[in-house]
Amino acid sequence: MTVVIVVAALVVLGAVLFFLVGPPRRARHKGPPPARLAGFFAEAREAPVPAEAPLPAPPEAPPLTRVPGLGSRIRALFSGGAPTTETWKDLEDVLVRADVGPRVAERIVHRVREGFESAADPVDVLADEIAGALGDGTQLHLRRGDLTVLMVVGVNGAGKTTTIGKLAAMLGREGMKVSLANSDTFRAAASEQLTVWAGRAGAHLVSQARGADPGAVAYDAVQAARSRGSDVLIVDTAGRLHTRQPLMDELAKVKRVL
Ligand SMILES: Nc1nc2c(ncn2[C@@H]2O[C@H](COP(=O)(O)OP(=O)(O)O)[C@@H](O)[C@H]2O)c(=O)[nH]1
Ligand SMILES: [Mg+2]
């Protein structure tokens, strides 16, 4: 009871004060700043802007050194006159370092050694032998007037995307209409990389956001390639090791979808 009376009294007192004094004032200023502040602003505007301190010079970059290509390394081996046993061993070593399997490297060097004449360019001789070692199984078996789909698979960094760029350029030069599909939806910037290659080769690209289903990209790409009347569709895939079964199953799915 006492509490109710006290609360009622406080409410009445508050209402009376409100009518007598008005609402509480807020410390808000409208209009121009008071004279002392105006002087401060004027001074600040006229003060010279301090010159920017010069940035410290960037550290000296080390000079770019060009790694000699395979051809120049091989010519260097043969520059000292007639090849010795050491030269042939070094040549085998150069090939193995360039990812040629040891057995194939040995076979190639053996063949080059057999037919080598001192006047010949070792790089030309080697190129012929390597082409021979690759065999004739590189026909693309394209079906003219119909869509041929090439699906490119392999381990990471093997050169799938780069090779697709080269294939697209080559087929384009042969007068074929080429479409590319980016079913590598895993690697960062894979789409950007293939976009650059498609642009260079004048090919049409089908791509989706990173993380999309690679099978869905492949499906869309076939539809798009058909409706554009493309002769060839080259499908890029994310690199994987053949020992990773779930990743191999994913490839099998993309192939089924295609
Ligand atoms: N020198 C050289 N580098 C290559 C060749 N093919 C690919 N590369 C490089 O190898 C790296 C991996 O190639 P990429 O095509 O992205 O491999 P992917 O992961 O199989 O698609 C890139 O830096 C390419 O520039 C080639 O024929 N010669
Ligand atoms: Mg790639």
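Helices α9 and α10 are roughly parallel to each other, because their axes pack at an angle of about 20 degrees, and angles under 35 degrees count as roughly parallel, over 145 as roughly antiparallel, 65 to 115 as roughly perpendicular and the rest as oblique. The structure is a predicted model, in which local features need pLDDT of at least 70 and side-chain atom pairs count only at pLDDT 80 or more, while totals for chains, interfaces and linings use all residues. Residues are numbered from 1 along each chain as its sequence is written, and chains are lettered from A and ligands numbered from 1 in the order in which they are written.

Helix α9 covers residues 214–228 and helix α10 residues 245–257, and their axes lie 9 Å apart. Helices here are DSSP runs of H or I with at least four residues, strands are runs of E with at least two, and both are numbered from the N terminus. Axes are lines fitted to C-alpha atoms, for helices over the stretch in contact, and angles run from 0 to 180 degrees between N-to-C directions. The α9 and α10 crossing is right-handed; a crossing gets this name if the near helix is turned clockwise from the far one by less than a right angle, and is left-handed if anticlockwise. On the α9 side, Pro-214, Gly-215, Ala-218 and Tyr-219 meet Glu-250, Lys-253, Val-254 and Val-257 of α10, where contact requires C-beta atoms, placed from the backbone, to lie within 7 Å. These residues divide into five nonpolar, one polar and two charged. Ala, Val, Leu, Ile, Met, Phe, Trp, Tyr, Cys and Pro count as nonpolar, Asp, Glu, Lys and Arg as charged, and the others, Gly among them, as polar.

Helices α5 (residues 102–115) and α6 (residues 122–134) come within 10 Å and cross at roughly 130 degrees, which makes α5 oblique to α6. The crossing is again right-handed. Val-104, Arg-107, Ile-108, Arg-111 and Val-112 in α5 meet Val-125, Leu-126, Glu-129, Ile-130 and Ala-133 in α6, giving seven nonpolar, no polar and three charged residues.

Now to the strands. Four of them form an open, parallel sheet in the order β1-β4-β2-β3; two strands pair if DSSP finds at least two bridges between them. Strands β1 (148–152) and β3 (204–206) stand at the edges with a single partner each, so one side of each has no neighbour in the sheet. Three bridges join β2 (residues 178–183) to β3, and Ser-179 stands opposite His-204 in β3. Helix α7 lies across β1, β2 and β4 (232–237), running at about 170 degrees to β4, whereas α8 lies across β2, β3 and β4, at about 175 degrees to β2.

Finally, the residues around ligand 1 include Gly-154, Asn-156, Lys-160, Thr-161 and Gly-239, each with its C-beta atom, placed from the backbone, within 6 Å of the ligand. This shell has one nonpolar, seven polar and one charged residues.

Note on methods: Contact = placed C-beta atoms within 7 Å.
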